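Could you walk me through this structure, from its overall outline down to single residues?

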Amino acid sequence: MTISEVAKEYAITADTLRYYERIGLLPAIHRSGSGIRDYSEADCKTVSFVKCMRSAGVQIEALTEYMTLLRRGDDTWEARKQILVEQRDQLNRKVEEMQRTLEILNKKIDGYEGKMRRIEQEMSC
C-alpha cells in the first residue's frame, strides 16, 4: 500500500506516518524503485498497533522505547511490560487529578446554582 492509502485506511496523516518512521515507531518502510513507500501487511499491522497504543495514552517516547525492545525479541518482555505499567501509573495519576478538578467544578456549579436561587427568590414581581 502507498502512504496515502495507509493514511486513509488508518485515519492518520502521511506526515505522521513519516514522523513515526523517522523516530523508529515504524520500521524503515520498503520503497519501490521510484522511491515510493510500499507498506506491507506487517507494516500495516504495526501502524494499527502504534495507533492503538497512542489511543491508549502511551506517550511517544515510551512507545518508541517499547517498539525498539519489541524488535529485539522475547528477551525484552519484562522491560516492555514495565513500560506499560509506568504508562498505566501515569494515566491513573492524570485520572485522579482530573477527578479532583471535576469535584472542584461541581462544587463551584452547586454554589452558583444555590446563589442564583437565593437571588431569584429575593426578586419581586
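Here is a short tour, starting with the whole chain and ending with individual side chains.

This is a predicted model, so a few ground rules come first: local features need pLDDT of at least 70, side-chain atom pairs count only at pLDDT 80 or more, and totals for chains, interfaces and linings use all residues. Residues are numbered from 1 along each chain as its sequence is written, and side-chain values use heavy atoms, with hydrogens and water left out.

Let us begin with confidence, expressed as pLDDT (the predictor's confidence in each residue, from 0 to 100). The protein chain averages 93, and 98% of the residues score at least 70. Helix α1 has the highest confidence, at 97, while helix α5 (residues 77–122) has the lowest, at a mean of 90.

Now the overall outline. The protein chain holds 5 helices and 0 strands, and its pattern along the sequence reads α-α-α-α-α. Helices (H or I, at least four residues) and strands (E, at least two) are DSSP runs, numbered from the N terminus. The C-alpha trace spans about 85 × 35 × 20 Å along its principal axes. The radius of gyration, taken over C-alpha atoms, can be set against a globule rule of 2.2 Å times the number of residues to the power 0.38. A compact globule of 125 residues would come out near 14 Å, but the protein chain has 24 Å. Buried residues make up 26% of the 125 residues; buried means under 20% relative accessible area, exposed over 50%, and partly exposed in between (1.4 Å probe, protein chains only). Contacts, meaning heavy atoms within 4.5 Å, also tell us something about the fold. Among those in the protein chain between residues at least 6 apart in sequence, 44% join residues at least 24 apart.

Next, the interior. Nonpolar side chains tend to be buried together in soluble globular proteins. A nonpolar core here is a set of buried Ala, Val, Leu, Ile, Met, Phe, Trp, Tyr and Cys residues joined through side-chain atoms within 4.5 Å. The largest one has 23 residues, and Leu-17, Tyr-39 and Leu-63 have the most contacts inside it. Helices α1, α2, α3 and α4 each supply at least two residues of this core, with α4 giving the most, 6 residues.

Leu-17 leads us to helix α2 (residues 14–23), whose buried residues are Leu-17, Tyr-20 and Glu-21. Why do the buried residues of α2 line one face of the helix? Seen down the axis of α2, they fall within an arc of 100°, so they share that face; the arc is that of the directions from the helix axis to the C-beta atoms. An α-helix has 3.6 residues a turn, so residues three or four places apart point the same way. On the other side of α2, Asp-15 and Arg-22 are exposed. The buried residues of α2 pack against α1 (3–9), α3 (41–55) and α4 (60–72). Leu-17 itself, leaving aside its neighbours within four places in sequence, is in contact with Ile-3, Val-6, Ala-7, Ile-12, Leu-26, Tyr-39 and Val-47. After α2 comes Gly-24, with a positive phi near 95°.

Helix α3 is our next stop. Thr-46 lies in this helix and is buried, with a relative accessible area of 18%. Beyond neighbours within four places in sequence, Thr-46 is in contact with Leu-25, Leu-26, Pro-27 and Met-67. Glu-41, also placed in α3, counts as exposed at 60% relative accessibility. Glu-41 and Met-1 are 40 residues apart in sequence, yet 8.4 Å apart in space, C-alpha to C-alpha.

What about the cysteines? With a disulfide taken as a pair of cysteine sulfur atoms within 2.5 Å, the count comes to 0. Cys-44 is buried, with a relative accessible area of 5%, whereas Cys-52 is partly exposed, at 49%.

Finally, visit two residues of helix α5. Gln-87 is found there and counts as buried at 9% relative accessibility. Not counting residues up to four places away in sequence, Gln-87 touches Gly-57, Val-58, Gln-59 and Ala-62. Arg-88, likewise in α5, is partly exposed, with a relative accessible area of 48%. Arg-88 and Ala-56 are 32 residues apart in sequence and 9.2 Å apart in space, C-alpha to C-alpha.
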